[in-house]
Amino acid sequence: MRVGMLTGGGDCPGLNAVIRGAVRKGILHHGDEFVGFMEGWRGVLDNTTMPLNLETTSGILHKGGTILRSSRTNVKKIPGGFEKCVESIEKNKLDALIALGGDDTQSISLALSERGVKCVGVPKTIDNDLNGTDVCFGFDTAVSIATEAIDRLHSTAEAHNRVLVVEVMGRDAGWIAITSGIAGGADVILIPEVPVDIDEVCRLLKYRYDRGKKFSIVVVAEGAHLPESGQATHGTSVDAFGHVRLSGVAQALAEEIESRTKYETRSVNLGHTQRGGTPTAYDRMLATRYGVAAIDLVHAGKFGRLVVLKGTQISDIPLADAISKNRTVGDDLLEVMRSLQPPANAV
């Protein structure tokens with residue numbers, strides 16, 4: 001078979017491992033040929049490709065980013081976009097298309113599937129918020145990077161008797177914040193699923209201060225909602241899928257904390273460091289399993305579906321189910337977080 005592959009949306013560690021896994025299984029066991037579209041859906045629209053074979057995918061397992069590069073290209077907003085995609089797929093004589101990406105990318109996969117294109121999706125987002133899968137590759141790496149940063153910030157916060165507010169990624173779901181926050185021993189963790197209560201934040205910080213702990217670490221997801229201003233945005237422009245650029249919640253929160261408590265407070269935005277660099281062993285393994293499973297779905301003729309992880313087993317679900325809603329942090333992790341904090345009646 002001739003199979004196309006693309007990586008859409010934000011990059012993350014593990015994309016190359018997925019590509020490698022699918023290509024090696026396809027070539028070595030099925031005699032497949034692969035065509036890589038450059039820069040996500042933009043490459044499909046423009047028919048910009050590169051060959052994917054054993055040579056071009058050699059030595060990429062441990063590399064971050066993606067050899068196919070990426071973009072946030074919304075085919076729905078381009079006049080005749082879907083027709084151009086179908087034409088490009090036909091020109092390359094493809095039997096199937098494997099798309100690596102989150103809900104935005106997979107919404108295009110679903111739309112093409114409904115137009116007769118044989119699509120298979122692979123779940124990719126460090127935010128870990130794609131519905132129907134327990135884990136997305138790239139998440140473990142992002143959490144590891146954020147946790148290491150929190151570990152490092154503890155020492156400088158203690159040295160200066162400061163509160164440090166650490167901003168991590170997470171537009172609609174706080175998986176990175178709550179996981180790295182608990183793992184890193186943060187004193188306060190704020191996520192988009194729960195509105196920020198400044199009074200409660202200050203109570204937790206004061207509780208520590210009154211007991212001789214003159215420093216604290218606050219971890220906040222970029223998409224957390226502040227009481228009056230809501231989500232902190234960088235300007236008013238939006239991307240191709242209508243998302244505003246989030247940034248600055250940590251700084252806004254730091255200013256409010258210092259104003260209320262008089263504790264010296266600084267902010268740190270980890271930004272794209274969470275998405276860069278070599279993937280962890282866990283993400284390399286998960287990504288490889290996803291890649292192998294994706295080409296297996298192609299040869300099983302199961303199209304319009306997304307490979308997912310359920311427990312420890314790889315399975316698959318309809319693309320429509322995957323993008324139906326965001327997967328958000330549940331009460332179980334919120335209870336773990338609250339169990340490590342002093343209750344409201346603590347004295």
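On a 1 Å grid over the protein atoms alone, a pocket is an open set of points where a 1.4 Å probe fits, with protein on both sides within 12 Å along at least five of seven lines, and its lining residues have an atom within 4 Å of a point. This is a predicted model, in which local features need pLDDT of at least 70, side-chain atom pairs count only at pLDDT 80 or more, and totals for chains, interfaces and linings use all residues. Residues are numbered from 1 along each chain as its sequence is written, and side-chain values use heavy atoms, without hydrogens and water.

The largest pocket has 36 lining residues, and Arg 72, Asp 127, Arg 171, Glu 222 and Arg 275 lie nearest its centre. The lining comprises eight nonpolar, 14 polar and 14 charged residues. Here Ala, Val, Leu, Ile, Met, Phe, Trp, Tyr, Cys and Pro count as nonpolar, Asp, Glu, Lys and Arg as charged, and the others, Gly among them, as polar.

The second largest pocket is lined by 15 residues, with Ile 189, Leu 190, Val 194, Glu 200 and Met 337 nearest its centre. Its lining divides into 11 nonpolar, one polar and three charged residues.

Two strands pair if DSSP finds at least two bridges between them. β6 (residues 163-168) and β8 (residues 216-221) pair over six bridges, and Val 165 is opposite Val 218 in β8.

Technical notes. Helices (H or I, at least four residues) and strands (E, at least two) are DSSP runs, numbered from the N terminus.
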